[in-house]
Amino acid sequence: MTDNDRPDAARRTPEALRDTPSGAFGDAPDVLRPSVAVVGSGPSGCYVASFLGKKWPGSQIIIFESMPTPYGLVRYGIAADHQGTKNVTRQFDRLFTKDGVHFAGNVCVGADLDFDELAAAFDIVVLATGLPEDRSLDIPIDPNARVMGAGTLLRALNGYPSHSVPRDSDGRCSALGEQLAVVGMGNVALDVVRLMSKDSHEFDGSDIDDELLEQLRPHRPGTIDVISRSGLALAKFDHAMLRELLSLPNIEVTVNGLSDSATGPAAELLRTHIDGGAASVTADAPRTHVRLHFQLTPDSVTTEGGRTCLRTSTPGGRDAQADFVVDTVITAIGFTQGPEHDPSSPTGHWSGDNVYRVGWLSRGPHGAIPENRKDARQVVERIAEDVASGRLRFGKPGHAAVEHLLRDVVTFADWQRIEAFEQSEALPGRCRRKVTDRTHMLSIATSTPSSGSRPDLAAVPPRPKETTVPHHTHQLPVRESDT
Ligand SMILES: Cc1cc2nc3c(=O)[nH]c(=O)nc-3n(C[C@H](O)[C@H](O)[C@H](O)COP(=O)(O)OP(=O)(O)OC[C@H]3O[C@@H](n4cnc5c(N)ncnc54)[C@H](O)[C@@H]3O)c2cc1C
């Protein structure tokens, strides 16, 4: 996440700006209790703060976060219909409400606060900034082709305050179209297929951005071709994810490249679905035809008559049968660092004896939330070893040394006001309606500056663009599958 859409201070309304209250960041550190700066409040940042707090109780631990909201990909990556997984935030909340860890939101290290100043001020600095960018396909791509990263799409459907999704001249997001191709077949690819294939009522209990879903996907697509470079045996998705997809009532899944000799749980699941699947779909029900293709390698993306053509080859070579003419290609092939020139992206220069890395930033875009916990534990063990060996010493002032540099910090209580506001605005069948405008977020955060986590709703300005979204089921007319 490059934070390109972050309004600079000059563009924010004065009432949205606020200095951090003096003393808001707890006791001063000393030689026994370190000052700790964690950069990034995703799972790895939260876990590392938790382990450090247990290791050195009473230390000053601040999690700096570029967004006004905590929890990284838990809020803006994990699919909106996976609220059970997102509920890990209740566990992380305790860090800030009970365990004395401090949240400093709306502070982008590298942009608002210089990395060198941070590293000079704190005994321990842990970088937990994740990998915010979609990895792009390393093949020739016509600039006019419609290609979007899965991370961008999921972020948008999760209400990320950004304009990275292509928009029409009227400001509405351009619809993805009736025929989609998804490149990649890991869990994120299956998230995309599931979210695109569900009817509106199937999102009950979620916090999906309904306005955006309506614009991006006015109807469920007719076909989704999902393309995997590897064979089924090496597919990267979890079986639970495949099972969930196959259980959707209005999809039909077919597989290209499922040999009779294929074995294993995924092959069994697919065979069972294909053999008995038709029975679960009523004859006249509109369906999304999901076609899984294995062992196809993308070669190029071109345009043909205004549509996007993904050319692929089989292990035997080029095969015109394996070209997909679609409305949009969605890539789900992993994640990477922000651009080199982005000051908020940790470069090699972000290092030092007291600087550590954790989570996706350190080990790559692999692994679910529990992996970050393991990772965080190991990093804290390494820090403890460095302290034991005398390589790392405590005594830096922490917050007091950077306080004068911080402006407009969103504290945890401020975030709770944003959260309460979002919950109070939930549409029927949804658990919250996220605020998608950063300036609006900041104005809610500061709506009751004195105390309390409930927003003073009377003091909160309305959403910048009020749009009423009808809560109804979208029906896709039955259509022939494409060639
Ligand atoms: C689309 C998607 C769906 C997923 N679904 C699941 C799922 O269902 N279940 C599951 O267990 N896992 C899922 N994962 C994986 C899970 O989200 C990751 O394992 C986890 O979020 C990685 O945690 P992290 O803390 O390393 O990074 P992140 O969660 O990315 O957190 C990084 C944080 O650092 C902040 N930051 C970045 N730069 C700066 C800076 N310069 N200054 C201050 N702050 C900064 C970011 O704003 C962000 O909040 C999914 C991932 C994706 C992309």
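Which residues come nearest to the ligand, of the 36 around it? I looked this up before anything else. G40, G42, G72, G130 and G359 come nearest. I note at once that the model is predicted.

**Ligand shell**

The largest share of the shell comes from α1, with 3 residues.

**Overall count**

I counted elements next. The protein has 15 helices and 16 strands. It holds 483 residues, and buried residues make up 46% of them.

What is the strand order in the open sheet of 5 strands? I read β3-β2-β1-β4-β16, with parallel pairing. The edge strands are β3 (102-105) and β16, and each pairs on one side only. From one strand to the next, the twist averages 20 degrees. Helix α1 packs on this sheet and touches β1, β2 and β4. The direction of α1 makes about 175 degrees with that of β2.

I walked across the pairs. β2 and β3 are joined in the parallel sense over 4 bridges. F64 has A104 as its bridge partner in β3. Strand β1 (residues 35-39) pairs with β2 over 5 bridges, again in the parallel sense. There, the bridge partner of S35 in β2 is Q60. β1 and β4 run parallel and are joined by 4 bridges. V38 stands opposite V126 in β4. Between β4 and strand β16 (residues 355-357) I found 3 bridges, in the parallel sense. V125 stands opposite V355 in β16.

Is β2 enclosed or open? I checked burial: 6 of the 6 residues of β2 are buried, so the strand is largely enclosed by the rest of the structure. Both faces are covered. Q60, I62 and F64 lie on one side and I61, I63 and E65 on the other, all buried.

I repeated the check on strand β4 (residues 124-127). I124 and V126 point one way, V125 and L127 the other way, and all are buried.

**The sheet of 6 strands**

I turned to the open sheet of 6 strands. Its order is β6-β14-β7-β8-β10-β9, with parallel pairing. Its edge strands are β6 (147-149) and β9 (251-256), each pairing on one side only. Neighbouring strands of this sheet are turned by 20 degrees against each other on average, direction ignored. Helix α6 (residues 150-157) packs on the sheet and touches β6 and β14 (328-331). The direction of α6 makes about 70 degrees with that of β6.

I looked at one pair here in detail. Strand β7 (residues 179-183) and strand β8 (residues 223-227) pair in the parallel sense over 5 bridges. V183 stands opposite I227 in β8.

**The core**

Which residues of the largest nonpolar core touch the most other members? The core has 117 residues, and the answer is V38, V48, V126, V182, A189, V192 and V193. Helix α7 (residues 187-197) gives the largest share of this core, 7 residues. Domain 1 (9-132 + 337-459) and domain 2 (135-335) both give residues to the core, so it lies between them. As background, nonpolar side chains tend to be buried together in soluble globular proteins.

I then followed A189. Leaving out residues up to four places away in sequence, A189 touches A150, V182, G184, V226 and A332. V182 is also on the list of core residues that touch the most other members.

**G84**

Is G84 buried or exposed? I first placed G84 in helix α3 (residues 83-86). I counted 9 other C-beta atoms within 10 Å of G84. The cut-off for exposed is 12 or fewer, so G84 is exposed. I also took one distance. The C-alpha atoms of G84 and S206 are separated by 9.8 Å, and the two residues are 122 residues apart along the chain.

Methods
Residues are numbered from 1 along each chain as its sequence is written. This is a predicted model: local features need pLDDT of at least 70, side-chain atom pairs count only at pLDDT 80 or more; totals for chains, interfaces and linings use all residues. Two strands pair if DSSP finds at least two bridges between them. Helices (H or I, at least four residues) and strands (E, at least two) are DSSP runs, numbered from the N terminus. Axes are lines fitted to C-alpha atoms, for helices over the stretch in contact, and angles run from 0 to 180 degrees between N-to-C directions. Two residues are in contact if their C-beta atoms, placed from the backbone, lie within 7 Å. A nonpolar core is a set of buried Ala, Val, Leu, Ile, Met, Phe, Trp, Tyr and Cys residues joined through C-beta atoms within 7 Å. A residue is buried if 20 or more other C-beta atoms lie within 10 Å of its own, exposed if 12 or fewer, and partly exposed in between; C-beta atoms are placed from the backbone. Domain bounds come from an automatic or database domain assignment. A residue is near a molecule or strand if its C-beta atom, placed from the backbone, lies within 6 Å of it.
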